[in-house]
Amino acid sequence: MVKNSFNNPFISCTARDMSYSDVMRFWCSPFECYKINESDLNSSVTPIIIEGARGSGKTMILKRLSFFCQKENFKSNEVIEGIRNAGYLGIYFRYSADYSSLFDSLNCSKMYRERLFEGYFQMSLCLELIHVLHELENELYEEEKNKLLSNISSIVGESIRDFETLIKWIERNIRKQDEIIRKSQYLSIDENMDSQQFMSVFDIIDAIQSSVSAFRKVLFIIIIDEFENIGAYQRVINTYIKQMEGKNGYTFRIGVRPEGIRDYTTNVSGEFLQDGRDYIKKQLIVSSDDRTANYSKFVKSVINTRLNMVPIFNQSGIEIDTLLGKKEDYEWEANYHVKGRKEHFSEAFLDKTELQMREISDVIMDDNPIVEAYFLMRLKRGESLTDIAKMKNENLQNLNTENTKKYRLDMRDKYKASLLFWLIDKYKAKKLYYSFSTYLYLSCGSIYDFIGLCRTVFDELESDYFVNFESNPEISPIVQTRAAQKYAESQLEKVRINHDYGPQMHQFVKNMCNLFGYYHKGDLCTTYPETNQFYVSGNFDSTGVNKEIWSSLLRWGVIIKKTSFQRATLSISSKAQLYYVNKSYYPIFGISCRIRGGFNYALTNDVWDNMITTIVDPATLVKGSARRKKETNRQVKKRSGDDIDKFQMSLFDVEGFNE
Amino acid sequence: MNKFSKFTVAEELKSQNRKLCDTFFIYSKGAEDRSYVVFEKYVETIAPERIIMLDSRLRNEALSSTDMVKYDRIQNIAMSKGISVGKTISVEDSNIGKYLIGEQISSESTVAVDISSMNFWEVSDILYFLLKIMAVQKVDIFYTEPDLYHYENDNIARYNYPNPKVSVKYQRSYYSTKMEAEEILVSMIGFQKNVNKLMKDIFEAAQYYSINGFPSFYPKAKDISQTNNADYLSEIEPTNRYSAEATNPFVTYNTLVDISKAANGAFMNICPLCSKPMTVGACLYALRYPDTTRIVYPYEETIATKSDGVGRTYYYSITQDFIS
């Protein structure tokens with residue numbers, strides 16, 4: 001099979017781009033992953049706000065609730081019955097990007113602008129609903145249909161013979177509004193004139209429920225996607241939600257990004273929306289550990305569904321974790337970078353005689369550079385060669401001693417990654433990013449990003465991959481790394497040109513990631529292993545422009561807030577809100593994807609100010625942090641008189657970096 | 001659907017000694033070498049009754065002192081020709097049509113417009129204003145291409161735009177609510193790196209299309225567009241990639257007609273990050289099919305192009321029946 005006959009199954013990766021039938025085709029349930037009760041979405045009369053980051057699957061969930069997806073489950077001519085049994089009917093509407101700017105600079109009063117917005121809202125939903133009725137027309141009883149049309153005629157104030165006429169009526173009125181928008185900058189708007197008629201979708205729903213017996217107890221779900229795009233006009237929808245009390249015929253499902261709701265007020269004097277009272281919030285969040293079994297399972301099912309659409313993968317039944325490899329192989333990677341060299345012994349050999357160097361080599365040299373690095377560290381810490389040799393031998397003989405227990409604990413996962421980074425730095429190499437597990441981390445809980453990574457990997461496949469596919473289906477780590485880096489660069493570029501404080505966000509990401517990258521080098525990478533989290537130690541995020549930039553970082557998923565409060569950092573026992581930068585950028589900076597915990601960086605006001613405006617030298621930041629830490633330790637010691645280091649593992653220098 | 005071609009190199013008009021005798025000639029001040037070529041070389045061919053010069057305060061603020069000299073040189077040019085620069089109208093923003101409302105442009109008028117120094121918002125706005133609001137009989141569009149655009153770094157690739165903030169902005173004059181089942185995005189690609197990819201991420205469409213300006217002003221231009229949009233192009237179907245002559249709006253119009261047919265009449269969003277003649281073609285298409293088309297643009301602010309030298313001047317004639 002040659003490359004040019006292979007269709008990348010990940011080209012279309014956003015639910016926004018998908019038709020309703022594609023949504024059903026690609027559907028994989030995320031409810032277990034996000035711990036959401038599916039039946040709540042279908043049946044709760046209380047409005048639900050679904051909050052999720054870009055790529056979390058909001059649109060997929062919302063579209064699936066809509067009628068045009070629902071009907072795929074039913075036989076034709078039995079759709080009404082199917083809807084009746086399901087108990088709900090979804091009407092989907094999406095606000096495209098920056099919709100609110102259409103109205104913002106119209107030459108008219110704020111009230112008229114809201115009226116125009118409301119007109120579009122109502123008519124667009126009515127149009128969608130009438131299309132549904134038009135689709136179901138053949139299944140309606142003639143008598144009920146006539147009664148419905150008669151009721152709608154009363155609402156509209158004109159005789160409406162059939163649904164097609166009604167569709168044209170609505171379209172005509174929408175066009176009138178479009179014309180107002182188009183001409184508004186040249187011609188003044190006569191606000192007194194009722195320039196467009198619009199009917200209320202709620203009245204139409206009432207008419208349907210009172211006319212068509214099958215719909216009498218059906219819950220009409222008004223689905224609004226990308227709520228963040230309507231800015232100040234959220235107030236209009238908030239008012240509808242607030243005024244829903246006592247009305248059981250319909251409800252709302254609203255999809256929004258984190259920080260996407262800017263306004264909880266309503267047009268009802270003094271009233272605002274309250275979580276838990278006026279609506280329920282469901283968050284599409286994967287737990288802090290991005291490798292939960294549920295998220296992993298969900299991702300696999302989504303990706304494998306797409307893979308199966310390509311004949312070669314379908315025939316072999318291969319799954320994505322086989323193609324990418326299940327997880328990284330640190331030993332293999334260490335050997336890949338080191339290539340048999342022994343320059344990492346240079347520090348240990350410094351000022352040593354030839355005999356001493358030979359002794360060190362005899363004890364420590366190994367086929368596994370990570371093992372070598374481990375024992376070199378122990379040697380540097382002052383452990384004797386004799387003790388090191390003893391530990392090695394006991395381990396080789398598989399004895400069950402304290403030494404071997406410690407060795408296995410140290411080497412299983414704890415220090416292996418840090419030592420790999422130490423070797424990578426020694427040889428000025430670049431960290432490889434590959435395997436299903438790593439890609440899960442890089443995607444940060446966003447299925448969209450995982451699909452994007454897969455798309456990039458498949459674009460990078462070399463022509464001989466398919467020639468050897470049957471004997472060796474695993475995609476080379478080098479290709480995967482290249483794809484991860486390419487994807488990282490494109491994601492970071494998007495941040496830079498984002499209209500919402502793009503340059504500041506971009507600068508912040510580069511500075512923060514460069515800082516974390518610095519912690520992954522030299523002795524720092526073992527002293528502060530895999531440092532990649534931070535907490536706010538200041539108040540910059542609560543006022544003015546800084547607050548807006550901070551919100552923008554969260555809203556666009558450039559930084560991620562961890563789901564629960566955790567210990568701020570090693571030397572501080574208080575809990576704090578931790579954050580990390582979106583891991584999809586990590587391949588540019590050579591940062592570990594894993595969540596190691598331990599030391600977390602304290603982001604202070606002055607560091608923030610610099611990070612959003614200029615290039616910051618990470619060495620300066622690290623020194624500043626160490627100074628603050630020493631001061632904190634000094635304060636704590638002064639207060640308690642206790643040794644604060646008792647929880648530390650032996651390999652780490654708890655006192656931190658020595659200037 | 002119309003297929004139309006009233007397009008020529010302006011020099012041909014002159015060599016044929018044609019006089020357009022337009023009611024109005026509207027041009028915009030600019031600081032590029034090409035900004036006043038039409039005034040200098042073709043104002044006698046246009047032979048207008050009235051001349052209107054648009055002085056953009058926005059562009060003024062961005063100019064260096066050297067550029068200001070270039071910007072103001074129109075006075076010398078006009079003096080050397082023994083004619084007035086025209087009535088000066090200061091425009092505060094890119095909605096230039098509204099500044100022309102009091103100028104007695106009517107449906108009986110014919111208007112010549114030099115778009116060489118206008119940006120996207122101004123070009124699209126003035127076309128809408130003249131053809132739709134004022135319903136003029138004819139618009140004669142003049143456009144002078146540059147010799148070269150400014151590049152940074154090296155010969156090959158990068159035309160680096162100043163750091164823009166990208167978001168989807170509807171050109172209000174061309175706004176329409178989508179009522180068709182399907183929607184497509186047609187990106188008319190230009191030099192801006194990565195912008196179309198971001199637009200694709202922000203925008204919803206069932207299908208994505210591209211139009212590259214080819215043949216272009218010079219061969220390298222189409223390569224720059226291709227290179228700087230490689231990521232975007234790799235994400236769309238090869239059969240959805242089109243090209244249209246960069247200097248001919250009518251070919252662009254025809255290409256959009258072809259795309260509409262290929263997309264089975266889906267609602268079309270057009271993003272014209274392309275040459276100005278291609279932008280004219282996009283606007284003409286949107287004016288002809290307002291209910292199924294809208295124009296979107298990723299920048300809010302005015303971005304000044306920087307170019308050197310003077311290339312050819314083109315002339316396009318648009319009559320009312322073209323868009324009705």
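In helix α19 of chain A, the residues A:Tyr374, A:Phe375, A:Arg378 and A:Leu379 meet A:Leu385, A:Ile388, A:Met391 and A:Lys392 of helix α20 in chain A. The model described here is predicted.

The geometry of this helix pair comes next. Helix α19(A) covers residues 369-380, and helix α20(A) covers residues 385-396. Their axes lie 10 Å apart, and the two helices pack at an angle of about 150°. An angle over 145 degrees counts as roughly antiparallel, so α19(A) is roughly antiparallel to α20(A). The crossing of α19(A) and α20(A) is right-handed.

Chain A also contains a sheet. Strands of a sheet pair through backbone hydrogen bonds, and the pairing can be parallel or antiparallel. In chain A, 5 strands form an open sheet, and their pairing is parallel. Read across the sheet, the order is β2-β3-β4-β1-β5. Which strands stand at the edges? They are β2(A), residues 88-94, and β5(A), residues 280-284. Each has a single partner strand, so one side of each is left without a neighbour in the sheet. From one strand to the next, the twist averages 20°.

Strand β3(A), residues 219-225, runs parallel to β2(A), and 7 bridges join the two. One residue pair can be located here: A:Phe93 has A:Ile224 in β3(A) as its bridge partner.

Technical notes: Residues are numbered from 1 along each chain as its sequence is written. Chains are lettered from A and ligands numbered from 1 in the order in which they are written. This is a predicted model: local features need pLDDT of at least 70, side-chain atom pairs count only at pLDDT 80 or more; totals for chains, interfaces and linings use all residues. Side-chain values use heavy atoms; hydrogens and water are left out. Two strands pair if DSSP finds at least two bridges between them. Helices (H or I, at least four residues) and strands (E, at least two) are DSSP runs, numbered from the N terminus. Axes are lines fitted to C-alpha atoms, for helices over the stretch in contact, and angles run from 0 to 180 degrees between N-to-C directions. Angles under 35 degrees count as roughly parallel, over 145 as roughly antiparallel, 65 to 115 as roughly perpendicular and the rest as oblique. A crossing is left-handed if the near helix is turned anticlockwise from the far one by less than a right angle, and right-handed if clockwise. Contact means heavy atoms within 4.5 Å.
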